[in-house]
Amino acid sequence: MNPIKRFVQQSPAKAFDNLVSAFHRKPITAELSHPTKKRIQLDWKVENVPINTDFKENFEVNITYKATINVTNNTSKVKARIDRELRNNLSASGRCTVKK
């Protein structure tokens, strides 16, 4: 699954990806910050995501996202961190386009 499908930027800031779509069916509120003049950062969290393992162990995790958008060259990076000791954390990067 692609960790980020698209951002919806408005006031308040919103985030929308495949996981948010599956659990909330609509964009959720994200914390918007401007660490520098060149960067916009969005932070959001999806809680209580069910995980099923090959060992028939089921549990829930919280996934914290951080997306950084460089507004000067229209690039982005997204990182997702799982709140448990699992082998994989997600990351992705790409180019941004303005959606009208």
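Residues are numbered from 1 along each chain as its sequence is written, and side-chain values use heavy atoms, with hydrogens and water left out.

Confidence is considered before the fold. The mean pLDDT of the protein, pLDDT being the predictor's confidence in each residue on a scale from 0 to 100, is 79, and 79% of the residues reach 70 or more. Over residues 1–9 pLDDT stays under 50, although the model has 28 contacts for this stretch beyond four places in sequence; a contact means heavy atoms within 4.5 Å. Where pLDDT is low, the predicted coordinates should not be read in detail.

Among contacts with a separation of 6 or more, 26% join residues 24 or more positions apart. The accessible surface, computed by the Shrake-Rupley method with a 1.4 Å probe and with only the protein chains shown counting as cover for residues, comes to about 7500 Å², of which 46% belongs to carbon and sulfur atoms. Of the 100 residues, 29% are buried; buried means under 20% relative accessible area, exposed over 50%, and partly exposed in between, with a 1.4 Å probe and protein chains only.

The interior can be approached through its nonpolar core, defined as a set of buried Ala, Val, Leu, Ile, Met, Phe, Trp, Tyr and Cys residues joined through side-chain atoms within 4.5 Å. The largest such core has 19 residues, and those with the most contacts inside it are W44, V46, I63 and Y65. Two or more residues come from each of β2 (14–16), α1 (18–24), β5 (39–52), β6 (58–70) and β7 (75–82). The greatest contribution is that of β6, with five residues. In soluble globular proteins, nonpolar side chains tend to be buried together.

Rings of Phe, Tyr and Trp (its six-membered ring) pair if their centres lie within 6.5 Å; planes under 30 degrees apart count as stacked, over 60 as edge-to-face and the rest as tilted. The protein has one aromatic pair by this rule. The ring centres of W44 and Y65 are 4.7 Å apart and the ring planes stand at 10°, so the pair is stacked. This pair links distant parts of the chain, with W44 in strand β5 and Y65 in strand β6, 21 residues apart. Both W44 and Y65 are buried.

The strands that carry this pair are themselves partners, two strands being paired if DSSP finds at least two bridges between them. β5 and β6 pair in the antiparallel sense over 12 bridges, and V49 has V61 in β6 as its bridge partner. Five residues lie between β5 and β6 in their hairpin, and K56 in the turn has a positive phi of about 60°. Within strand β5, N48 also has a positive phi, near 60°, and N48 is partly exposed, with a relative accessible area of 46%.

β6 and β7 pair in the antiparallel sense over eight bridges, with T68 opposite K77 in β7. Four residues separate the two strands in this hairpin, where N74 takes a positive phi near 55°. N74 is partly exposed, with a relative accessible area of 38%.

In a regular strand the side chains alternate between the two faces of the sheet. In β7, the covered face consists of S76, V78, A80 and I82, and the uncovered face of T75, K77, K79 and R81. On the covered face, S76 is buried, with a relative accessible area of 13%. Beyond its neighbours within four places in sequence, S76 is in contact with T68, I69, A92, S93, G94 and C96. A80 is likewise buried, with a relative accessible area of 5%. The C-alpha atoms of A80 and A92 are separated by 8.9 Å, and these residues are 12 residues apart along the chain.

How values were computed. This is a predicted model: local features need pLDDT of at least 70, side-chain atom pairs count only at pLDDT 80 or more; totals for chains, interfaces and linings use all residues.
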